[in-house]
Amino acid sequence: TVTITNSGDTSVAISNITVSGDFTQTNNCGSSLDKDASCEISVTFKPGTQGAVGGTLSVSGDPDSKPLTVSLSGTGLGATAGQHPQGPAAPSANPPQSN
């Protein structure tokens with residue numbers, strides 16, 4: 001969760017909130033943020049591949065201001081034993097015998 005706080009003297013516009021990479025976001029931010037107010041952006045990592053993945057959270061406001069950016073990173077892990085991307089593994093027709 002990323003919290004944005006306006007500690008300035010006037011309200012600021014929020015025109016767009018985006019994420020890149022294998023990330024999604026939800027937020028409770030409106031189109032502006034009053035002075036001394038804050039809002040939260042929840043970022044979720046949903047890897048589409050194994051290994052390190054990077055992304056960026058970007059919050060745009062007034063056209064003359066630079067967007068606020070936050071670097072994001074996550075690591076996609078492979079399937080663990082007994083798991084298959086399409087669901088659980090089917091039982092074996094000939095299970096191994098123990099001696």
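How many aromatic pairs does the count come to? By the rule used here, one. (Rings of Phe, Tyr and Trp, the last by its six-membered ring, pair if their centres lie within 6.5 Å; planes under 30 degrees apart are stacked, over 60 edge-to-face, and the rest tilted.)

**Before you start**

This is a predicted model, where local features need pLDDT of at least 70 and side-chain atom pairs count only at pLDDT 80 or more, while totals for chains, interfaces and linings use all residues. Residues are numbered from 1 along each chain as its sequence is written, and side-chain values use heavy atoms, leaving out hydrogens and water.

**Stop 1: the ring pair**

Select F23 and F45. Their ring centres are 5.0 Å apart and their planes stand at 35°, so the pair is tilted. F23 sits in strand β4 (residues 23-27) and F45 in strand β6, 22 residues apart, which makes this a link between distant parts of the chain. (Strands are DSSP runs of E, at least two residues, numbered from the N terminus.) F23 is buried at 8% relative accessibility, whereas F45 is partly exposed at 26%. (Buried means under 20% relative accessible area, exposed over 50%, partly exposed in between, with a 1.4 Å probe and protein chains only.)

**Stop 2: V53**

Now move to V53 in strand β7. V53 is buried, with a relative accessible area of 11%. Leaving out residues up to four places away in sequence, V53 touches D22, F23, F45, L72, S73 and G74. (Contact means heavy atoms within 4.5 Å.) From V53 to L72 is 19 residues in sequence and 8.4 Å in space, C-alpha to C-alpha.

**Stop 3: the core**

Next, select I4, I14, I17, F23, C29, L33, C39, I41, V53, L57, V59 and L72: these twelve residues form the largest nonpolar core. (Such a core is a set of buried Ala, Val, Leu, Ile, Met, Phe, Trp, Tyr and Cys residues joined through side-chain atoms within 4.5 Å.) β7 gives the most to this core, three residues. In soluble globular proteins, nonpolar side chains tend to be buried together. Click on C29 too: beyond its neighbours within four places in sequence, C29 contacts I14, I17, C39, E40 and I41.

**Stop 4: N6**

Finish at N6, in the loop between β1 and β2. Is N6 buried or exposed? At 7% relative accessibility, N6 counts as buried. Setting aside neighbours within four places in sequence, its contacts include S11, V12 and L33.

Key. Helix = DSSP H or I, 4+ residues; strand = E, 2+ residues; numbered from the N terminus.
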